Amino acid sequence: MDRDADRLFHTGRISRRTAADAPLAAAEPRSAKPGRSLLSSSLIGSTNRGRVLQALFDLGPTSRAELARLAGVNRTTISGIVQPLLDQQLLVEGEPIPASEGGGKPARPLWFSPDARPICGVLLMPGSVRTCLVTLEGKIHAEHEGVLPVSSPHLPETIATLSACIERTLGEARRTPLGIGVAVGGMVDTDRRAIVRINLAPVLDGCSLGDELSRRFHLPVLLDHHPRALLVGDRWFGKGRGVRTFAVVYTGEVLGGALYLDGRLHRGLAGAGGELGHTFVQVDGDLCRCGRRGCWETIATTGWLRRQARAIALPDADTIDCRRLVQLVEAEVAGAADLLDRYARNVAVGIANLQQSVAPNVFILHGDVVGGGERMIEAILRHVRRLVPWRPSGEIIFETGETEDRAALLGAAGLVLSDLLHFPL
Ligand SMILES: [Zn+2]
């Protein structure tokens, strides 16, 4: 390793991965990581490549000279790192940017090649599966979906349906995908790459899905809990790019979330963290589907909204969502504005608890509340500001994520990307 490469390695802002070497073209499952070990020279090389690619994701198209300046190394070092990536068609050089008045050669920004090997993203929800290919630029194509026979007690049948959907998507890839990422709408053991439990699809409970899909498709497979996948998608392809600390909150029929703290996704032991929907907001409150009472999920989901809408006889109460509620508010339907305010307050209560516990300050919202647009987001923010004591430099920022399925598919692909880039999740 030359001194510049050493410097880039040690000055990189991402903490090192303590795993055996894993070349970019073949990520290994997370479960294969051993404990702390010394870094081989080849791992240092691939770590530096990963860091340069991470920087590109965060900065957008960037020239070699700019990358060298930001990393504090010379251009030759950067060129040594990026040339193999250009040769592998992972990166391409863009049109030259005219040199500044000071002269010098026009710079050619580096960016991800549309011809780079894609990633297969999978969204597995109770009763349905969606699959697609995601390019390294974050473009989605080759989308397919299938209905999972979850009421069937036969796991092989469910796996066969899921696999057929993945196979259709893989069949459209011009180059072998880099791996398969799966976002699961249920509890996941990320260390074992296994599903712990999906409430409405018990046939998959305990299924070692990662191993199963690796065996079938001979590709690296990573899986994670749906809200965490949303966060990973935001980190690589969305509003979380370049942000060191943020939280993701998803609302809908269920409520979930994930935390990205100081450049790392916080998963908790074996992926058990992030069950935000089942944090308590009301002692002896309503019964939750988890069997306990007073969970945040009991007061900030579409189920709660529909019960309340029925109680005050709002139109479309059985199917109402935040988008429809806002329409009713705008049409000045009696009771709608008050219900929207209560819904916003209930969502805000959990966000305020999160802010008080870990102070992420930046919240990326996904799911139903996003459908309510600015009016709903503003209402939630107003309540959060009331619930959280003001402090200097403590500004709370709300962003909204991509549409629901797209965000999850990007996130699923982002799980594989993180592994390829030696990015510790
Ligand atoms: Zn609960």
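The model is predicted: local features need pLDDT of at least 70, side-chain atom pairs count only at pLDDT 80 or more, and totals for chains, interfaces and linings use all residues. Residues are numbered from 1 along each chain as its sequence is written, and side-chain values use heavy atoms, with hydrogens and water left out. Helices (H or I, at least four residues) and strands (E, at least two) are DSSP runs numbered from the N terminus.

**Sheet S5-S4-S3-S6-S9**

- This open sheet has 5 strands in the order S5-S4-S3-S6-S9, with mixed pairing; two strands pair if DSSP finds at least two bridges between them.
- Strand S5 (140-147) and strand S9 (221-225) are the edges, each with a single partner strand, so one side of each is left without a neighbour in the sheet.
- On average, neighbouring strands of this sheet are turned by 15° against each other, direction ignored; axes are lines fitted to C-alpha atoms, for helices over the stretch in contact, and angles run from 0 to 180 degrees between N-to-C directions.
- Strand S6 (residues 180-184) pairs with S9 in the parallel sense over 5 bridges, and Gly 181 has Leu 222 in S9 as its bridge partner.
- Helix H5 (residues 155-170) packs on the sheet and touches strand S3 (119-125), strand S4 (128-134), S5 and S6; contact means heavy atoms within 4.5 Å.
- The direction of H5 makes about 160° with that of S5.
- H7 lies across S3, S4, S6 and S9, running at about 115° to S9.

- Strand S13 (residues 362-367) and S14 pair in the parallel sense over 4 bridges, with Val 362 opposite Ile 397 in S14.

**Helices H7 and H13**

- The axes of H7 and helix H13 (residues 404-420) come within 6 Å and cross at roughly 75°.
- That makes H7 roughly perpendicular to H13, a term for angles of 65 to 115 degrees.
- Residues in the contact include Trp 236 and Phe 237 of H7, and Leu 415 and Leu 417 of H13.
- The contact has 11 nonpolar, 5 polar and 1 charged residues; Ala, Val, Leu, Ile, Met, Phe, Trp, Tyr, Cys and Pro count as nonpolar, Asp, Glu, Lys and Arg as charged, and the others, Gly among them, as polar.

**Pocket and cavity**

- On a 1 Å grid over the protein atoms alone, a cavity is a set of points where a 1.4 Å probe fits but cannot get out, while a pocket is an open set with protein on both sides within 12 Å along at least five of seven lines; lining residues have an atom within 4 Å of a point.
- The largest pocket holds about 1,000 Å³ of space, a volume being the space filled by probe spheres set on grid points joined across faces, edges and corners.
- Its lining has 39 residues, of which Met 125, Tyr 250, Glu 253, Val 254 and Leu 255 lie nearest the centre.
- H11 gives the most to this pocket lining, with 3 residues.
- The largest cavity holds about 30 Å³, and its lining includes Gly 233, Phe 237, Ala 407 and Leu 410.
- H7 gives the most to the lining of the largest cavity, with 3 residues.

Terms used
Angles under 35 degrees count as roughly parallel, over 145 as roughly antiparallel, 65 to 115 as roughly perpendicular and the rest as oblique.
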